[in-house]
Amino acid sequence: MTQSGSERMEKIVALSKRRGFVFPASDIYGGINGFWDYGPLGVQLKNNLRDAWWRDMVECPPLGPDGHPLSIVGLDSSIIQNPRAWEASGHLSGFSDPMVDCRETKARYRADHLRVLRSRAGAPAALFAFVEGEPEVALKRARKVLGSSKVESDFDELALAEVSAAERALVWAPGAGAPGTLTEPRDFNLMFKTFVGAASGDENIAYLRPETAQGIFLNFKNVLDTSRVRVPFGIAQIGKAFRNEVTPRNYIFRSREFEQMEMEWFCAPKEAQAWYEFWTQTRLAWWRSLGVSADRLRLRRHTADELAHYAKTGAGTQDVEYRYPFTEPGFGELEGIAHRGSFDLEQHQAASKTRLEYFDPQTQERYVPEVIEPASGLTRGVLVLLCEAYDVDESRPSPEILRFPPRLAPIKAGIFPLVAKEGMPEIAEQLYLALRGRFSMQFDAKQSIGKRYARMDEAGTPYCFTIDGQTLADQTVTVRARDTGAQERIAIESVAGYLEERLAG
Ligand code: GAP
């Protein structure tokens, strides 16, 4: 039975709550829109993805075009910085989304996420707004207003921005009882404000960072002065970012608190375009190396009107996109690779009156480096891993499986005594104690063995080792593989080697 994207997404969300990957934040209080908590399995999966990125960027960075390893160092900067930094970076004036409000329902929408069904030429003008991807909401309302025989082909679909000023009064907002309730779009800054210190006046306002990148620019000189890096080099950072998104949606895809994995690559202006191409290909290849299928990944170049305020004119930004269940058959962003030029360093140099130049000892040139930025979402990456791993095998007693690549699986192996008697629990515990420092394992002696296997399939655990009657006789254990359900016997002493071999890569 094939599932639609939204059915599949519902199943993924339900499984991930049931098994403890992701919970709505403040669940017992009814949640808080746009915030999520990562449960025991979720935090482990997130840490594994984070560690893979850190290893492949900082500890063991890619080889450059000359065949030598690139130079990339790490950083962990503060979430709250001097507010002048956000003025200089352009976030105070430019980091906003256009929003519209519905005066009747009080709902708030991102103007560029609203689309409209307009009755076709000849018919009386009537327009029904809907949030991108949910045209059925508009069609339902249209049938109430214009008659139940209406079908989608009776309408043209357009963006809200394409609706003429004269027609605005005729637009029915989602859930509104009358047309004309949507306000004109106005800019809404996405930065969360807070106050530093005891007073809460304007002079104490500070902002939660909306990107980890700025902490890197602010530390460019510190890193240059204290490490042995030379241009070209990178500074990488993983951490929380906060955006007061107008419409957080699609589960953890767009949240208000999330984590980013960003690297700013500082290079000579004349080499920047070549590095931009290099990083675009390298980052796409990285996601593939994690087992994300090539046909669900693609690169897409930003159109001129999508470019961020810092993007270098004419140089472009490309996104690595993934085909999420809720974007099918289309794709949605996973990572952006931006050519930021020298925008950020120039801005901070001017505002802080601190020289942020690089002196090249070989060419004797002094310049402000240009920056190529691969910026991905850690929590969005977790969503990709969940979507990619989710599978249903109706032939199994418990059909839902998460097929994580073993290296990223939250739990690498289950260790089970077949029954809780005849010395089996003791042997299983010994095995567990011997291996637990090397692999993330779970010891479980409760319920039937079938239920324990099913639980591990839902957690995405690639292998289970069962101590049974035969173990007592010949020191072998049963290995059960998640992906096939197949079982084989191996010597208890070769369990560590068996796992090591399969977790590499
Ligand atoms: N420093 C550049 C920058 O922040 P971005 O495209 O706005 O660029 C980079 O963000 C990545 O961060 C995105 O590709 C996405 O994976 C993730 N991201 C951005 N906003 C997000 C949100 N509201 N929720 C979850 N992830 C988000």
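**Ligand contacts and helix packing**

Student: What is 2.8 Å from an N or O atom in the side chain of glutamate 245?

Tutor: That is a nitrogen atom of the ligand. Keep in mind that this is a predicted model.

Student: Thanks! And how far is a polar side-chain atom of glutamate 262 from a nitrogen atom of the ligand?

Tutor: For glutamate 262 the distance is 2.4 Å. Arginine 340 also has a polar side-chain atom facing this question: it lies 3.4 Å from a nitrogen atom of the ligand.

Student: How many residues surround the ligand, and which are the closest?

Tutor: There are 21 residues around the ligand. The closest are Glu211, Glu245, Ser255, Glu262 and Glu333.

Student: Switching to the helices: at what angle do helix 2 and helix 8 cross?

Tutor: Helix 2 covers residues 40–59 and helix 8 covers residues 272–289; their axes cross at roughly 140 degrees and come within 12 Å. The two helices are therefore oblique to each other.

Student: Is that crossing left-handed or right-handed?

Tutor: The crossing of helix 2 and helix 8 is right-handed.

Student: Which residues make the contact?

Tutor: Helix 2 brings Leu49, Ala52, Trp53, Asp56 and Met57, while helix 8 brings Trp279, Arg283, Trp286 and Trp287. Sorted by class, the contact of helix 2 with helix 8 has 7 nonpolar and 2 charged residues, with no polar ones.

Student: How do the axes of helix 2 and helix 10 cross?

Tutor: The axes of helix 2 and helix 10 come within 10 Å and cross at roughly 110 degrees. An angle from 65 to 115 degrees counts as roughly perpendicular, so helix 2 and helix 10 are roughly perpendicular to each other. Helix 2 passes helix 10 in a right-handed crossing.

Student: Who's in that contact?

Tutor: From helix 2 you have Leu45, Lys46, Leu49 and Arg50. From helix 10 come Leu378, Thr379, Gly381, Val382, Leu385 and Leu386. These divide into 6 nonpolar, 2 polar and 2 charged residues.

Student: One more pair: how close do the axes of helix 1 and helix 10 come?

Tutor: They come within 10 Å, with helix 1 spanning residues 5–18 and helix 10 spanning residues 378–389. Their axes cross at roughly 110 degrees, and helix 1 and helix 10 are therefore roughly perpendicular to each other.

Student: And which residues make the contact there?

Tutor: Arg8, Met9, Ile12 and Ser16 of helix 1 meet Leu383, Leu386 and Cys387 of helix 10. By class, the contact of helix 1 with helix 10 has 5 nonpolar residues, 1 polar and 1 charged.

Technical notes:
Residues are numbered from 1 along each chain as its sequence is written. This is a predicted model: local features need pLDDT of at least 70, side-chain atom pairs count only at pLDDT 80 or more; totals for chains, interfaces and linings use all residues. Side-chain values use heavy atoms; hydrogens and water are left out. Axes are lines fitted to C-alpha atoms, for helices over the stretch in contact, and angles run from 0 to 180 degrees between N-to-C directions. Helices (H or I, at least four residues) and strands (E, at least two) are DSSP runs, numbered from the N terminus. Angles under 35 degrees count as roughly parallel, over 145 as roughly antiparallel, 65 to 115 as roughly perpendicular and the rest as oblique. A crossing is left-handed if the near helix is turned anticlockwise from the far one by less than a right angle, and right-handed if clockwise. Contact means heavy atoms within 4.5 Å. Ala, Val, Leu, Ile, Met, Phe, Trp, Tyr, Cys and Pro count as nonpolar, Asp, Glu, Lys and Arg as charged, and the others, Gly among them, as polar. A residue is near a molecule or strand if one of its heavy atoms lies within 4 Å of it. A polar contact is a pair of N or O atoms within 3.5 Å; within protein, one must be able to donate a hydrogen and the other to accept it, and residues adjacent in sequence count only if both atoms are side-chain atoms.
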